[in-house]
Amino acid sequence: MQFRDLHRQYEAMQAEMDEAILAATRSGAYIMGPQVAELEQQLADYVGVKHCITCANGTDALHLALMALGIGPGDAVFVPDFTFFATAEAVAMVGATPVFIDVLDETYNIKVADIYDNIKVCRKLGLKPKAVIAVDLFGQPAEYPWLQSFCKEQGLLLVEDGAQGFGGSIGDKRACSFGDISTTSFFPAKPLGCYGDGGALFTDNDDYATLLRSLRVHGKGTDKYDNVRIGLNSRLDTLHAAVLQVKMRHFNDELQAVNRVARKYTELLQGKVTTPVVPDGYLSSWAQYTIQVENRNEIQARLKAAGIPSMVYYPRTMSQQTAFANLGQQPCPVAKRLTETVLSLPMHPYLTDEELETIVSQI
């Protein structure tokens, strides 16, 4: 059994995928070929924003977003204490200071109410509160109606880290449309993944979009050999764009299928373990299906013995990362407890009811 079965996905799309890959290979336009611009328009239309700017990976997307927003030394950026390292790493890369915020027990996403007290602490330390990076963890959009209102009230910029969240939504607004700049990742195992690394940024702001298109190609001006600012080398390859175009044609069907799988998991596991909660009006893209259990090692060993893969996302908080030890921040209580109890189960659109029942029987 595969944790995220990319083999089955390829088999389901094989004819289209082979044709698209061969066309990109034959074109000779391997960097920023026409498929890239086509994909960017398709992604912008899907998300419902004016601009999509693709890049080399999801970490670069975060880095580029912070660069475009002018965040740097002396600035404090609030990030969840329970997330993948890249969220806070991007903050440090621009010289700013990540400030770790606790998360909600049921959704695993940043707890808006805890940001306010940390604003006061930052000011006492001489840091300027500048932005919030909210993460759509495991495919679930963060509480953006609250976050947008809070950030506007406090004069903070909002970045949506939708690396795991592409395809999710709140009401009729899709993930990657909620931030001043939003980002996503096309790592192969993500809800929308390419055949390597890839990423994208989304915004309605024309100035940010212009700046991002410059920053992703060495800070180029109108002439690519006139570099008007310091940037990155962070372009999406044509081959990856071609792969993503094929997957986009199937994406809504996969989104429906993966939500069916999630409902089945929850039905089978209800009352046995703590299952993830999707609030009313929210739709998750289910990058992971993550339960909470007290006897994690025992359950993980049983699953392994039955040939069923599982993963722990994440075994330590951001504040416990060695790279951030110098900040002296203590682990947030909910985040710390989650690192000891979360367990992610196989999750993808092609899981059968029989496979789900086999997994749950071991739990």
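Biologist: Angles run from 0 to 180 degrees between N-to-C directions. At what angle to β5 does helix α6 run?

Modeller: The model is predicted. Helix α6 covers residues 144-154 and lies across two strands, β4 (128-135) and β5 (157-161). The angle between α6 and β5 is about 155°.

Biologist: What is the strand order in the open sheet of seven strands?

Modeller: The pairing in this sheet is mixed. Neighbouring strands are turned against each other by 25° on average, direction ignored. The order reads β1-β9-β8-β5-β4-β2-β3.

Biologist: Which strands stand at the edges?

Modeller: Strands of a sheet pair through backbone hydrogen bonds, either parallel or antiparallel. Each edge strand here has a single partner, so one of its sides is left without a neighbour in the sheet. The edge strands are β1 (51-55) and β3 (97-101).

Biologist: How many bridges join β1 to β9?

Modeller: The two strands run antiparallel, with β9 at residues 199-203. Cysteine 55 is partnered with glycine 199. Histidine 51 is partnered with threonine 203. The number of bridges is five.

Biologist: In β9, which residue is the bridge partner of threonine 184?

Modeller: β9 also pairs with β8, in the antiparallel sense. That pairing has four bridges. For threonine 184, the partner in β9 is alanine 200.

Biologist: What volume does the largest pocket have, and which element gives the most to its lining?

Modeller: The volume is about 550 Å³. The pocket is lined by 26 residues, and the closest to its centre are Phe84, Gln164, Ser185, Phe187 and Lys190. Two or more residues each come from α3 (58-68), α4 (85-93) and β8 (181-185). With three residues, the top contributor is α3.

Biologist: By class, how many residues in that lining are charged?

Modeller: Nonpolar residues number 13. Polar ones number nine. The charged residues number four.

Biologist: Against which elements do the buried residues of α10 pack?

Modeller: Helix α10 spans residues 333-341. Its buried residues are Val334, Ala335, Leu338, Thr339 and Thr341. They pack against β11, α9 (296-305) and β12.

Biologist: Is aspartate 18 buried, partly exposed or exposed?

Modeller: Aspartate 18 is found in helix α1 (residues 6-27). Its relative accessible area is 34%. Buried means under 20% and exposed means over 50%, so aspartate 18 is partly exposed.

Biologist: How far apart in space are aspartate 18 and valine 243?

Modeller: In sequence, 225 residues separate aspartate 18 and valine 243. The distance in space is taken from C-alpha to C-alpha. That distance is 9.0 Å.

Conventions:
Residues numbered from 1 in each chain as written. Predicted model: local features only at pLDDT ≥ 70, side-chain atom pairs only at ≥ 80, totals over all residues. Heavy atoms only, no water. 1 Å grid on protein atoms, 1.4 Å probe; cavity = no way out; pocket = protein on both sides within 12 Å on 5 of 7 lines; lining within 4 Å. Points joined across faces, edges and corners; volume = space filled by probe spheres on them. Nonpolar A, V, L, I, M, F, W, Y, C, P; charged D, E, K, R; others polar. Pairing = 2+ DSSP bridges. Contact = heavy atoms within 4.5 Å. Buried < 20%, exposed > 50% of the residue type's maximum accessible area, 1.4 Å probe, protein only.
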